[in-house]
Amino acid sequence: MKLLVFSDSHNDITSMPPAAARHADAAACFFLGDGTRGADVLAERFPTMPLYRVRGNCDFGSFDPDEGLVPCAGHLIFYTHGNLHGAKSGTSGLLRAAKSRDADIVLFGHTHRAFYEKYNGVHLFNPGSISMPRGGPASYGLITLGDGGGEACETNGKSGAVTGGPLFERLPL
């Protein structure tokens, strides 16, 4: 199962659709906040792709939820923007939130920096920013869930892999 992950578009409505078109076979798409107008465009252009979305700290007036929880291919994914869990100060708040919900994957944004770490059985993944990156190129995420995959994250050209888990990739725009 292939999942597309975007965050922090800040209403740049031109960046996400071409990336989504490249991965039109994705089973679902996650938008992790800050730029819900861009998520609206995704929903309009890709109406058959399920879109899980949350609001971020810059999404004033949005009716999107602050967080969500969804089962996917034997995993439980907790997704949030990250601002309400102290993402800019570290991942401990996100880990606590995941553990309290029995989630084994956390998707978050807010920092505009691509990040992957596996800690105590929980995968933490931030795809970076699709339009206003910090510390690297504009990017989005691709997760492949299923049997026999590798567990990896590509960040600024560096990657690591271990067999038997989900595949986490950060792709340049």
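Helices (H or I, at least four residues) and strands (E, at least two) are DSSP runs, numbered from the N terminus. Two strands pair if DSSP finds at least two bridges between them. This is a predicted model, in which local features need pLDDT of at least 70 and side-chain atom pairs count only at pLDDT 80 or more, while totals for chains, interfaces and linings use all residues. Residues are numbered from 1 along each chain as its sequence is written, and side-chain values use heavy atoms, with hydrogens and water left out.

**View 1. The β7-β8 hairpin has two residues between its strands.** β7 spans residues 114-119, and β8 spans 122-127. The two strands run antiparallel and are joined by six bridges. F115 has N126 in β8 as its bridge partner. In the turn, N120 has a positive phi of about 50 degrees. Y119 belongs to β7. Is Y119 buried or exposed, or partly exposed? With a relative accessible area of 43%, Y119 is partly exposed; the class lies between buried (under 20% relative accessible area) and exposed (over 50%), with a 1.4 Å probe and protein chains only. L95 is 24 residues from Y119 in sequence, and their C-alpha atoms are 8.3 Å apart in space.

**View 2. Five strands form an open sheet in the order β4-β5-β6-β8-β7.** The pairing is mixed. Strands of a sheet pair through backbone hydrogen bonds, either parallel or antiparallel. β4 (67-72) and β7 stand at the edges. Each has a single partner strand, so one side of each is left without a neighbour in the sheet. On average, neighbouring strands of this sheet are turned by 15 degrees against each other, direction ignored. Axes here are lines fitted to C-alpha atoms, for helices over the stretch in contact, and angles run from 0 to 180 degrees between N-to-C directions. Inside the sheet, β5 (residues 75-80) and β6 (residues 105-107) pair in the parallel sense over three bridges. Y79 stands opposite L107 in β6.

**View 3. Helix α3 lies across β5, β6, β7 and β8.** The helix covers residues 92-100 and runs at about 125 degrees to β8. Which residues of α3 are buried? They are G93, L94, L95, A97 and A98. These buried residues pack against β5, β6, β7 and β8, where contact means heavy atoms within 4.5 Å. After α3 comes D102, with a positive phi near 60 degrees.

**View 4. L107 is among the residues with the most contacts inside the largest nonpolar core.** A nonpolar core is a set of buried Ala, Val, Leu, Ile, Met, Phe, Trp, Tyr and Cys residues joined through side-chain atoms within 4.5 Å. The largest one has 16 residues, and L3, F30, I77 and L107 have the most contacts inside it. β1, β2 (28-31), β4, β5 and β6 each give two or more residues to this core. Another core, of 15 residues, lies apart from it and includes C29, F46, M49 and L142. What does L107 touch, not counting residues up to four places away in sequence? Its contacts are V5, F30, L32, I77, F78, Y79, T80, F125 and I143.

**View 5. β1 and β9 pair in the antiparallel sense.** Four bridges join β1 (residues 2-6) to β9. V5 stands opposite G141 in β9. β9 (residues 139-144) is mostly covered, with five of its six residues buried.

**View 6. V41 sits in helix α2.** The helix covers residues 36-45. V41 is buried, at 14% relative accessible area. Leaving aside neighbours within four places in sequence, V41 is in contact with I13 and P17. V41 and N11 are 30 residues apart in sequence, yet 9.7 Å apart in space, C-alpha to C-alpha.

**View 7. Two cysteines, C29 and C58, are shown by their accessibility.** C29 is buried, with a relative accessible area of 3%. C58 is partly exposed at 35%. How many disulfides are there? The count is zero, taking a disulfide as a pair of cysteine sulfur atoms within 2.5 Å.

**View 8. The whole chain has three helices and twelve strands.** Of its 173 residues, 51% count as buried. Among contacts with a separation of 6 or more, 54% join residues 24 or more positions apart. The chain exposes about 7700 Å², and carbon and sulfur atoms supply 52% of this area. Accessible areas come from the Shrake-Rupley method with a 1.4 Å probe; for residues, only the protein chains shown count as cover.
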